[in-house]
Amino acid sequence: MATESPTDMNIGSSAPSGTIRRRITMAISIEFVLVMGVAAIEGFWPGAGPGAGAATLFLFLCLLVVPAVTAALLRPVFREVRRLEMENDHLRELYGRARLDATLDGLTMLGNHRAFQEELARQLEHARRTGSSIALLLIDVDDLKRVNDERGHASGDELLVSVGRTVMSSMRRNDRAFRVGGDEFAVILPGSNIDTGLTAARRILAGALNGGEPTHPTEPYSLSIGVSATPSPSTKGELLYRHADAALYWCKRHGRTNAAAYDPGRHGVTTDERSMEDISSVIETIVARRLLTPVYQPIFSLKSGKPVGYEGLIRPTEGSPLPDANSLFAAAERTDRTVEIDFACLQVVAEGAGELEEGVYLSVNLSPRTLESELFHPSDLTTIFERRGISPAQIVIELTEREEVQDLEGLRRNAAACRRAGFRLAADDVGAGNAGLRLLSEVQFDIVKIDLSLVQGGVLHDPSFAVLRALQELAARWHATVVAEGVETSEQLAAIRSIGIMAGQGYLLGRPRRQRGVEALDIEGLLPFDLDQQATPAA
């Protein structure tokens, strides 16, 4: 239960003037009765006092004078009590207004970040005492920056108001909604589990995609929503927010316009209970001590079988405070140290690559955060690789498609600068989400790398196979090379070759290794025996 502050108790428990008046009047009345009683005894008691006539006169005078004098004396007291009560009422009104302003978002009229923190703490304490459950939704408005840039901040404010209405219309009576940041909202669902929370999240997302509330229609807009619940899957209340944030972060990285429930297997990185400051310190330690190991996965020509390039990947060293690459890059982005990690990885990959053979390239990964950054300069890349005897013409910069692009103009500008410096560009993970397909029309790429989900699904499903064909045809018009990632079976190899994709990487062809050198492959020997049945997808 929430405790009252001293200010709350002083203002809320002040006695009204009517009570004060009654108490003063009662006290004086008692004194008056006592005086009259003494006078009556003195005047009428046999054998005592000046006699009945004088006593009667004295009592009569008391009845006239004492009340009048008392009223005259009390009138300024009551006026002061009334003034104090009016001031107290005004103070209570100001305090209530200030408290409301301190916990209310003036634009959407939802609770603000402070109100969210207070309510979440209260609900977690209640759940701990009663053994009940809580679900938490964290919502990010994907389109806000674009709307602000293209239409102005007034339109952005209208979008936020619409999001608030959509959220409110999707809630139950006991649920609580908040705007906790510029484009971030949160919903607390008392007594709900993870399934109920995910259902509510999908209802909110559907409302957004349908243009908001029917009574206040808008253009459809995109939301990313992360969901978690306690006691399951968030076994501790203090992990509830962190887990919901992890699911939201995953949505943002995987194409947005989605609602995801926290999954320890998929989002396990955020079971780390360390604070953001501690995680940032871990990143600093990894960079300073170079707790990074390079591995290289070969990329083969599917026509000749010869290696045409290598993708330089990073693995944390044994004993690293972050156990895998996903944990490392997720932690870096959450602590705004992506640029720092990217350049540290580039240096490690370059140092381990050695001298490249003629006609072979080295492919390295960069986050959109790095390419958007004002700290990024192509000359820094040139310095890193030329020190190891590798020219920019032998380097392909893979721009990962899984992360949202926030500054498209900045990214386009730096990408063009990289091309002028002699580097080639590759769109990575195309097909994993929405952003990469947009990037294909905004940035000139030399290589298009197809996401493994399309490669692995293309053998079995017509829609995926159709997307593969469409991407291959687009790349051909742009004079770009297509590389299929995640080739793991001979059937997949046959399928991608059948539509003209002539470069690939994956476990069937070659696993990541510490050393680069590999021999040419017998591609024909890797194909399935019955090609006629593998050339097209199953219906």
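**Packing, pairing and backbone geometry**

Mentor: Please bear in mind that this is a predicted model. Strand 9 (residues 395-400) has six of its six residues buried, so it is largely enclosed by the rest of the structure.

Trainee: Which residues of strand 9 point the other way from I395, I397 and L399?

Mentor: In a regular strand the side chains alternate between the two faces of the sheet. In strand 9, I395, I397 and L399 share one direction, and all of the residues on both sides are buried. Those pointing the other way are V396, E398 and T400.

Trainee: Which residue of strand 10 is the bridge partner of T400?

Mentor: Strand 9 and strand 10 (residues 424-430) pair in the parallel sense, over five bridges. Strand 8 (residues 361-366) also pairs with strand 9 in the parallel sense over five bridges, and there V364 has I397 as its bridge partner. For T400, the partner in strand 10 is D428.

Trainee: Are helix 11 and helix 13 roughly parallel or roughly antiparallel to each other?

Mentor: Two packed helices are described by the angle between their axes and the distance between the axes. The axes of helix 11 (residues 338-353) and helix 13 (residues 378-386) come within 9 Å and cross at roughly 25 degrees. Angles under 35 degrees count as roughly parallel. The two helices, helix 11 and helix 13, are therefore roughly parallel.

Trainee: How many nonpolar residues are there in the contact of helix 11 with helix 13?

Mentor: From helix 11, F343, L346, Q347 and A350 meet D380, L381, I384 and F385 of helix 13. By class, this contact has one polar residue, one charged residue and, as the number requested, six nonpolar residues.

Trainee: Is H479 buried or exposed?

Mentor: H479 lies in the loop between helix 17 (462-477) and strand 12 (481-484), and its phi is near 60 degrees, a positive value in a residue other than glycine. A relative accessible area over 50% counts as exposed. At 74% relative accessibility, H479 is therefore exposed.

Trainee: What is the relative accessible area of R290?

Mentor: R290 is in the loop between helix 9 (276-289) and strand 6 (292-301). Its phi is near 50 degrees, again positive in a residue other than glycine. R290 counts as partly exposed, with a relative accessible area of 33%.

Note on methods. Residues numbered from 1 in each chain as written. Predicted model: local features only at pLDDT ≥ 70, side-chain atom pairs only at ≥ 80, totals over all residues. Heavy atoms only, no water. Axes fitted to C-alpha atoms, helices over the stretch in contact; angles between N-to-C directions. Helix = DSSP H or I, 4+ residues; strand = E, 2+ residues; numbered from the N terminus. Parallel < 35°, antiparallel > 145°, perpendicular 65-115°, else oblique. Contact = heavy atoms within 4.5 Å. Nonpolar A, V, L, I, M, F, W, Y, C, P; charged D, E, K, R; others polar. Buried < 20%, exposed > 50% of the residue type's maximum accessible area, 1.4 Å probe, protein only. Pairing = 2+ DSSP bridges.
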